[in-house]
Amino acid sequence: MIVPPEDLNEIDSVEVNVMNTSFYIAISNEYNTNWKETILSFLQYMEREFSRFLRNNELSSLNEVKRDSIIVVSPILFDLLKKAEEYRFKTEGRFSPYLLTQLEVHGYKQSFPFEVAHHEETIPRYKSEDQPLIFKEDFQVMKKTDQKVDLGGIAKGYAVEAVSKWLQNHTRSTYGIVDGGGDMAMWSKGEKAWTIGIMNPFDEGKEIGSFSIRNGGVATSNTIYRSWLQGETKKHHILDGRTGMPAVSEIVQATVVTEHCLDAEISAKLFFMDDVTSVKSVLSKINRKCSYVLVKANGKIEIGGSRENGH
């Protein structure tokens with residue numbers, strides 16, 4: 001749950017279901033800036049062009065291009081792919097955008113909600129590659145892989161961060177928040193603060209706690225909500241980029257607070273892939289200013305991270 005700053009009469013907000021999630025965007029709007037149409041158009045564009053569940057969009061065009069071909073992509077896709085590659089490098093392959101085939105084989109072929117997926121007899125061999133994409137001038141990308149790209153693990157956080165930056169630059173708002181289904185970016189030029197509740201993963205109607213934040217990014221990943229049965233095996237949407245398999249962990253929910261939403265989005269997923277000590281060493285390569293709240297399968301809660309970020 002989000003508790004906004006006190007001056008409710010100054011807040012201008014909008015809610016929309018897009019990118020397979022619910023977006024809530026609110027800003028102080030003392031200058032009565034007309035911003036909603038631009039933001040909604042951008043979010044719809046992100047869904048239309050980069051959803052793997054839609055055909056004949058820019059993502060599907062990229063995936064249909066044969067190995068060793070060069071394709072000219074849009075500036076946004078170029079930026080998205082470059083950022084995804086940077087995170088793949090920083091996380092030593094734990095995060096990967098090249099997992100579309102593996103997600104589908106494990107049963108994630110349709111948008112949520114669904115509870116049961118068709119059983120697949122064989123899981124294709126997954127190989128981690130050194131340089132699947134080569135970025136050239138004028139938004140050209142050389143494809144050096146047969147693996148297909150899925151941007152579901154990064155596009156939402158990217159959209160949240162892009163909307164937040166645009167609103168700060170174009171509306172003169174003194175504070176605001178962009179919440180894309182738990183991926184959040186918030187800002188304040190003064191003492192205004194947002195109170196953010198952390199959901200209980202075993203009971204969505206309850207919270208396990210809350211914190212106050214003025215500036216920064218927050219992301220929560222959860223293996224309970226987006227999970228399904230494939231045969232007799234329980235599967236979920238967080239795959240380890242080193243193996244192409246669903247991550248195995250005692251953690252069922254990870255919330256990360258840091259300076260940027262996209263850093264938080266990637267960081268939260270890492271907690272499902274290794275022990276906390278190993279994850280913390282990788283997190284330092286993404287952003288040294290990071291705090292986290294972990295919920296384990298037995299209900300125990302672990303809190304840790306840097307306190308330098310002033311959250």
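## An aromatic cluster

F53, Y108, F112, F114, Y225 and W228 are joined into a cluster by ring pairs. Here a pair means two rings of Phe, Tyr or Trp (its six-membered ring) with centres within 6.5 Å; planes under 30 degrees apart are called stacked, over 60 edge-to-face, and the rest tilted. This is a predicted model, in which local features need pLDDT of at least 70 and side-chain atom pairs count only at pLDDT 80 or more, while totals for chains, interfaces and linings use all residues. Residues are numbered from 1 along each chain as its sequence is written, and side-chain values use heavy atoms, with hydrogens and water left out.

Across the whole structure, the search turns up 14 aromatic pairs. One of them is F114 with W228, a tilted pair with 5.5 Å from centre to centre and 40° between the planes. This pair connects distant parts of the chain, 114 residues apart: F114 belongs to the loop between α4 (100–105) and β5 (116–117), and W228 to strand β13 (residues 227–230). Helices (H or I, at least four residues) and strands (E, at least two) are DSSP runs, numbered from the N terminus. F114 is buried at 10% relative accessible area, and W228 is buried at 1%. Buried means under 20% relative accessible area, exposed over 50%, and partly exposed in between, using a 1.4 Å probe and protein chains only.

F271 and Y292 make another tilted pair, with 4.8 Å between centres and 45° between planes. F271 sits in the loop between α6 (261–270) and α7 (276–286) and Y292 in strand β18 (residues 290–296), so their pairing ties together parts 21 residues apart in sequence. F271 is buried, at 0% relative accessibility, and Y292 is buried too, at 5%.

## Charges over rings

Back in the cluster, Y108 has R52 over its face, 4.4 Å from the ring centre. For a charge to sit over a ring, NZ of Lys or CZ of Arg must be within 6 Å of the ring centre and within 35 degrees of the ring normal. K90 also meets a ring this way: K90 lies over the face of Y87, at 5.9 Å from the ring centre.

## What about the cysteines?

If you are wondering about disulfides (pairs of cysteine sulfur atoms within 2.5 Å), the search of the whole structure finds 0.
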